[in-house]
Amino acid sequence: MIYSLSMEMYENEELPATLEWYKDQIAGHHPSVVKNGIRQIGIVKERGKEQNLLKLVQDGMRGISEVQFYDSIFQKDQSNHTKAQAVALEGLRNFVPHYFGKRVIEIASRSYEFIELEDITHQYRKPCIMDIKIGKVTYDPDASEDKKHTESIKCPHQKEFGFRILGYRLHPDERGQIRVRDKNWGRTRTPENIQIAFDEYFQAIPSKKLKSDAIKVFRKELAKISEWFDTQQEIQMYSSSLLFVYEGDPHYHTPAKMKMIDFSHVFYEKQYDENYIHGLKFIDNVFQCIEKTDINKEKF
Ligand SMILES: Nc1ncnc2c1ncn2[C@@H]1O[C@H](COP(=O)(O)OP(=O)(O)O)[C@@H](O)[C@H]1O
Ligand SMILES: [Mg+2]
């Protein structure tokens with residue numbers, strides 16, 4: 001059956017009763033963005049299926065790129081890739097959210113195509129999430145000169161960092177004060193305050209011990225992902241993110257987690273992905289500095 005798939009919905013339309021907007025979303029296409037009466041479709045949850053979420057398959061190559069990527073990683077369809085690419089892609093399985101394939105869903109009598117992914121925050125009572133976009137540059141080799149220009153001036157220190165923070169979202173503090181930072185805050189981080197920025201993300205962690213445990217998990221995951229990047233010359237990811245989560249509820253001890261997400265700009269050239277590798281190293285370095293600072297604080 002051939003569907004005519006839609007990319008947008010109108011401002012006055014609502015999601016069907018079976019769906020709801022994902023409330024913990026940090027970056028990306030978001031339903032609060034309305035232009036000329038057209039609402040962006042953000043991340044959607046199916047009621048009663050808390051462990052997963054649905055992401056709209058985006059327009060053109062961006063959507064095709066992400067679907068092919070997940071299809072290959074989870075061996076649903078590898079026909080678009082060489083054997084070497086398929087092997088490298090399968091190596092990513094533990095680093096990305098679990099993928100359950102494509103879904104066609106009706107909203108306001110139109111058909112929309114989504115991918116169904118594991119919601120990596122679902123096990124947490126009070127998920128504390130941070131999204132970091134990786135890369136010295138976040139435009140891909142096919143981007144127009146205009147796009148390259150607008151992307152490259154977004155964050156003055158991105159070349160040096162190899163990433164930019166898209167934001168974090170913590171549960172409100174004891175006084176009900178919200179604790180959220182957005183991409184504009186992320187863009188203005190500097191070498192002088194980048195460690196403080198990461199520390200700010202940890203402000204909702206219940207204890208020093210749990211903070212140290214969470215950093216250990218993040219560093220271990222970063223090391224595994226770095227190893228993957230160091231041993232493959234098949235795949236490059238532009239504008240992809242690392243999503244960090246830790247438990248903010250002191251009564252629950254769900255271990256911290258970090259996953260790679262957002263694969264709308266994947267390239268298959270025979271080279272290392274230096275652009276991504278640089279960001280991994282820098283982030284690991286920031287965590288290492290936080291560990292050292294915290295150990296010193298304990299001493300004095
Ligand atoms: N598998 C996931 N689990 C939990 N949250 C997710 C997941 N995928 C995306 N998100 C949330 O949705 C946001 C946007 O996702 P992303 O894939 O980057 O979409 P876009 O392509 O619109 O940029 C992320 O910043 C994150 O907060
Ligand atoms: Mg994104």
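Reader: Which residues come nearest to ligand 1?

Author: The model is predicted, so local features need pLDDT of at least 70, side-chain atom pairs count only at pLDDT 80 or more, and totals for chains, interfaces and linings use all residues. Residues are numbered from 1 along each chain as its sequence is written, and chains are lettered from A and ligands numbered from 1 in the order in which they are written. A residue is near a molecule if its C-beta atom, placed from the backbone, lies within 6 Å of it. Of the 21 residues around ligand 1, those that come nearest are Ile26, Ala27, Gly28, Pro97 and Asp262.

Reader: Which elements give two or more residues to the shell around ligand 1?

Author: Strands are DSSP runs (E, at least two residues), and helices are such runs of H or I with at least four, numbered from the N terminus. Those that give two or more residues to this shell are β6 (52-56), β8 (110-118), β9 (127-134) and β13 (241-247).

Reader: What is the order of the strands in the open sheet of three?

Author: Two strands pair if DSSP finds at least two bridges between them. Two bridges join β1 to β4 (residues 38-39), and Tyr10 has Ile38 in β4 as its bridge partner. The edge strands, each pairing on one side only, are β1 (9-10) and β3 (34-35). The pairing is antiparallel, and the order is β1-β4-β3.

Reader: How many helices and strands does the protein chain have?

Author: Along its principal axes, the C-alpha trace of the chain spans about 70 × 50 × 35 Å. Its secondary structure comes to eight helices and 15 strands.
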